[in-house]
Amino acid sequence: MNTLFSRWLPCVTLASWSTVLLYFFFSGRITAFLHPTFRPYVAIAGFVLAGMTLVFLFFPADADCCSSAECGHGLSRLAAGKILTFLILLLPVTAAAIYSPDGFGKEAILNRGIITDASALPQSAKAPFSAPELPLPTNDATPPTAAATPQPATPADYLTRTPDGRIVAEVLDLLYAAQDNALRADFENKPVVLVGQLMPDASNNAGGKRFKAVRMFMTCCAADARPVATLVECETLPAFPEMTWVKATGIATFPIENGRRIAVLKADSVEKSSPPDESMLF
Amino acid sequence: MPWFTFRFDNFAFSFLSVLLEGVPFLLLGSLISGLVDVFVSPARMQRLLPSNSAAAIGISGLLGLIFPMCECGSVIVIRRFLRKGLPLSSAVAYMLAAPIVSPLVAISTFAAFKGQNPWVMTSLRLSIGYLIAIGVAFIVHRLPSGSILRSENAASASRKRAGLSVSPEPAEGQDFSTLAAAASGPKKLLLTIQSATSDFLDVAFFFIIGTAVASVFNTAVNQEIILPLAGEPLLAIVSFMGLAAILALCSTTDAFIAASFTAFPFAAKLGFLLFGPVFDLKLFWLYGLLFKRRFIIALGLGLFLIIGLICWRLSAVPF
C-alpha cells in the first residue's frame, strides 16, 4: 500500500498530465485553447512532467507518502483521503481532456455578452493603421470621407482577397473599421467574405433579416475569450442551427444606428462553412 | 436569460484552457522551489533580506519587478521560502504584490486601457497594489505566525526528506539541509526534481479545485446581470470585484477583460484589477496550502473591504 501511494499514484498522475499536455500540443487541439505565445510552454511542461515520471519510475520510494508532518494534503492522514487526493488530481483533468469540445457552446457565449462595438476591445494591432481621433456619430447619414484621414498604405498591402477579388475579412476587421475612418474606407461598399458562427440578433434587428456572425476574441486562454460579432443582413435568414459555422459573402456597410456607427454585412449569400484553422481571434 | 446556466462541455473547455495555461507556470514555480530547497540553506536565506523588518517588507513587495511570477506560481515559491526561514511578513508582501507589481502586468494594463487613461490606470494599479500588499504584511508582522500559518509550513530544522518521501532517509540526527549540502552534483539534481515534483503535486491539488470552481462560475454565470449596476459607483465597484473573484483570471491578462466592460466606471475597473490578483476562487484554495482557513477568510474580507473603500473614494475623482 505504501508503495502505491509513494510511487505509483504520483507516477500515474504525472504521466497522465504529461500525456494530456503533449497530446493537446502535438494534435493541434491546443490552438482552440491557448494564445500562440503560450503554446510552446505546454510542450515544454509536458516533457518536464514526463521526465519527472521517469524519476519516480527509476528511483523508487522507500517510505510512506504523506506519512509525516511535512505532508500538505489535508485529507492524506487516512488511506481513503490519500486515494481521494489522487482522484482529484487525476479525474477532472482526464475527464475534461476526453469530453471537452474545442469551443464554447451557445450558453457560455450568451453568458459572456456578445461585443458588437470595437470601443469595448483593446486598441489592437489588428487595426493596420493607427486610429485617428474618432468623430462623434452624427445624424448625417453621409460617412466621413477617407480622404480626410491619412492613408499610409494601400489596402492591397495587407488585405487578403479571394480569387474572385473579394476581401477576406475577419469580424474584428469590420468592428474596428466602424470606428476608424481610414480602415473603414478600405472596406466600405466593397465585396467582402466573412466566416463566423451564426447567432440570432435581437438588438439591431427590427426588420428580422439580421443575424450575428460571432467569433471568440482571446487574450490569453479560452477562459478569458470574449465573443465579438458583426451583423449580417440578408433577404432570408439562413435555416441553419445556432452556432453553425457560416461563410457570408456580400457588401460591407457601416450605417449609423441608435447614435453609433455599426458594421453590417449585406450578404448576397450565406452558406455553411467549416471552422477556420484558428477558431479564435487574437 | 437565466443568471446561471451550467453545461459540462463549456465547463470542461474553460477548465482545460486554464489548466493548459497554468500548468507550465506551476511547474516553473515548483522547479524554482526545488532549487531553493536544495541549494539555498536557511542561513543563506536569512542573509538575503535586511534585518530591519520594515525594510524587508518594503523590499519584498518590490521583488516582483525583478522576479515576476504569477499568483499561482508565487504560492509554491513562497511556501518553500517560508520553510527556509523567510519571515512571514516578507513572504506575504511578496505574495500579494508580485501578481500586480510586475513589468508584465504594467505593460498589459497599459495596452488594455489605451484610450481609457492608461497611465493613470497603470500607475494607480501598481502603486495601490503595492501599498495594500505591504500594509497587509505589516499587520501580519504583528500577529503570531502560529495563528496564520499551517503548522507544516513553519521553518523547521528537523525535516528529513525531500517531497513525497521518495528520497532516501538520512541517517539518524541528520536533516534534509545537511543531506542536500553533502550531496554530489547528480544527487543534488535528483533531490531537486523530487522536491519540485512534490511541490507540483501539492499545489496542483489545490489548483484543480480552485480552477474547477472558477470555471463553473466563469461559464455558467450570466455576466450581463451586473450591467444594470454600472451606473451606481459603489454597487459597480462591489459587483466588479465580485466578478474578479469569480472569473479568477491571470493578472497578466485581466486588464483586457476589465477594459472591455465599457459601461463600468474607472474606479470599478480599478477594483477589479486590484482585488482579482490577490484573492479569487482559485487563490482561496491555493492559499489553503499555506494558511489556516480562518486567516484566509479574514484576508479575503479585509482585502475586499479596503480595496472597495479606496476605489469608492477614487470614484469621486474625475479621471
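First, some housekeeping: residues are numbered from 1 along each chain as its sequence is written, and chains are lettered from A in the order in which they are written. Since the model is predicted, local features need pLDDT of at least 70 and side-chain atom pairs count only at pLDDT 80 or more, while totals for chains, interfaces and linings use all residues.

So how confident is the predictor? The model scores ipTM 0.83 and pTM 0.80. Over residues 160-170 of chain B, though, the pLDDT is below 50.

Now, what is chain B built from? It has 14 helices and zero strands, counted as DSSP runs, with helices (H or I) of at least four residues and strands (E) of at least two.

Next, overall form. The C-alpha trace of chain B spans about 65 × 50 × 35 Å along its principal axes. Its radius of gyration, taken over C-alpha atoms, is 20 Å, which agrees with the value near 20 Å for a compact globule of 319 residues; that rule is 2.2 Å times the number of residues to the power 0.38.

Finally, a look at chain A. An automatic or database assignment divides chain A into domain 1 (2-99) and domain 2 (106-281). Six residues of domain 1 are in contact with eight of domain 2, meaning C-beta atoms, placed from the backbone, within 7 Å.

Note on methods: pLDDT is the predictor's confidence in each residue, from 0 to 100. Two residues are in contact if their C-beta atoms, placed from the backbone, lie within 7 Å.
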